[in-house]
Amino acid sequence: MKMTREDVYEKLNEIFRDVFDDEDITVNDATTADDIEDWDSLEHINLVVAVEKCFGIKFTMGEVTGMKNVGEMADIILGRAG
C-alpha cells in the first residue's frame with residue numbers, strides 16, 4: 001500500500017516531538033528550522049537520522065543541505081518510500 005502525505009506527516013510529527021522533546025510541535029509543508037526554537041545544525045542531524053530510520057531511507061548530502069522546509073523532506077520521503 002502506497003504511503004500518503006498524511007501518513008508521512010503523522011510519522012514526522014512523532015519524530016519531531018521526540019527529537020525536540022516537545023509534544024506541542026505540529027509540522028507542515030511550510031515548517032522550517034526558524035519555526036522550532038531548538039532546531040539547530042546538531043539537532044538537524046539527529047532529526048535526519050531519526051527520519052531515515054523511521055522510513056528506512058537514506059538522504060543524500062545534497063538533499064540534507066538543500067531541504068528548505070518540511071514539505072521538501074516529505075516530498076523526498078514520498079518519492080522513496082514503498
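Student: Which residues form the negative surface patch?
Tutor: Keep in mind that this is a predicted model. The patch is formed by E10, E14, D18, D21, D22, E23, D24, E37, D38 and D40.

Student: Take E10. Where does E10 lie, and is E10 buried or exposed?
Tutor: E10 lies in helix α1, residues 5–19. Exposed means over 50% relative accessible area. E10 has 55%, so E10 counts as exposed.

Student: Now the salt bridges. How many does a search of the whole structure find?
Tutor: Look for a side-chain nitrogen of Lys or Arg within 4 Å of a carboxyl oxygen of Asp or Glu. The search finds four salt bridges. One of them joins the side chains of R5 and D29, at 2.9 Å from N to O. R5 is in helix α1 and D29 is in the loop between α1 and α2, so this bridge ties together parts 24 residues apart in sequence.

Student: What other salt bridge does R5 make with D75 as its partner, and at what N to O distance?
Tutor: The R5 and D75 side chains meet at 2.8 Å, N to O. That pair links distant parts of the chain: R5 sits in helix α1, D75 in helix α4 (residues 70–80), and they are 70 residues apart. R5 is partly exposed at 25%, D29 is partly exposed at 37%, and D75 is partly exposed at 43%.

Student: Which salt bridge involves E63?
Tutor: E63 pairs with R80, side chain to side chain, at 2.6 Å from N to O. This pair also links distant parts of the chain, with E63 in helix α3 (residues 61–66) and R80 in helix α4, 17 residues apart. R80 is partly exposed, with a relative accessible area of 36%.

Student: Which residues do shared partners join into one network?
Tutor: R5, D29 and D75.

Student: On to the rings. How many aromatic pairs are there?
Tutor: Ring centres must lie within 6.5 Å to pair. The count comes to three aromatic pairs. In one, the F16 and F20 ring centres are 5.9 Å apart with planes at 35°, so the pair is tilted. F16 is buried at 0% relative accessible area, and F20 is buried at 8%.

Student: Why is the pair of F20 and W39 tilted?
Tutor: Planes under 30 degrees apart count as stacked, over 60 as edge-to-face, and the rest as tilted. The planes of F20 and W39 are at 45°, so the pair is tilted; the centres are 6.0 Å apart. The two residues are 19 residues apart, each in the loop between α1 and α2. Both F20 and W39 are buried.

Student: Which residues do ring pairs link into a cluster?
Tutor: F16, F20 and W39.

Definitions and conventions
Residues numbered from 1 in each chain as written. Predicted model: local features only at pLDDT ≥ 70, side-chain atom pairs only at ≥ 80, totals over all residues. Heavy atoms only, no water. Patch = residues over 30% accessible without salt bridge, like charges linked within 9 Å, V, L, I, M, F, W, Y side chains within 5 Å. Areas by Shrake-Rupley, 256 points an atom, 1.4 Å probe, with all protein chains shown as cover. Lys, Arg positive; Asp, Glu negative; His and termini not counted. Charge placed at Lys NZ, Arg CZ, Asp CG, Glu CD. Helix = DSSP H or I, 4+ residues; strand = E, 2+ residues; numbered from the N terminus. Buried < 20%, exposed > 50% of the residue type's maximum accessible area, 1.4 Å probe, protein only.
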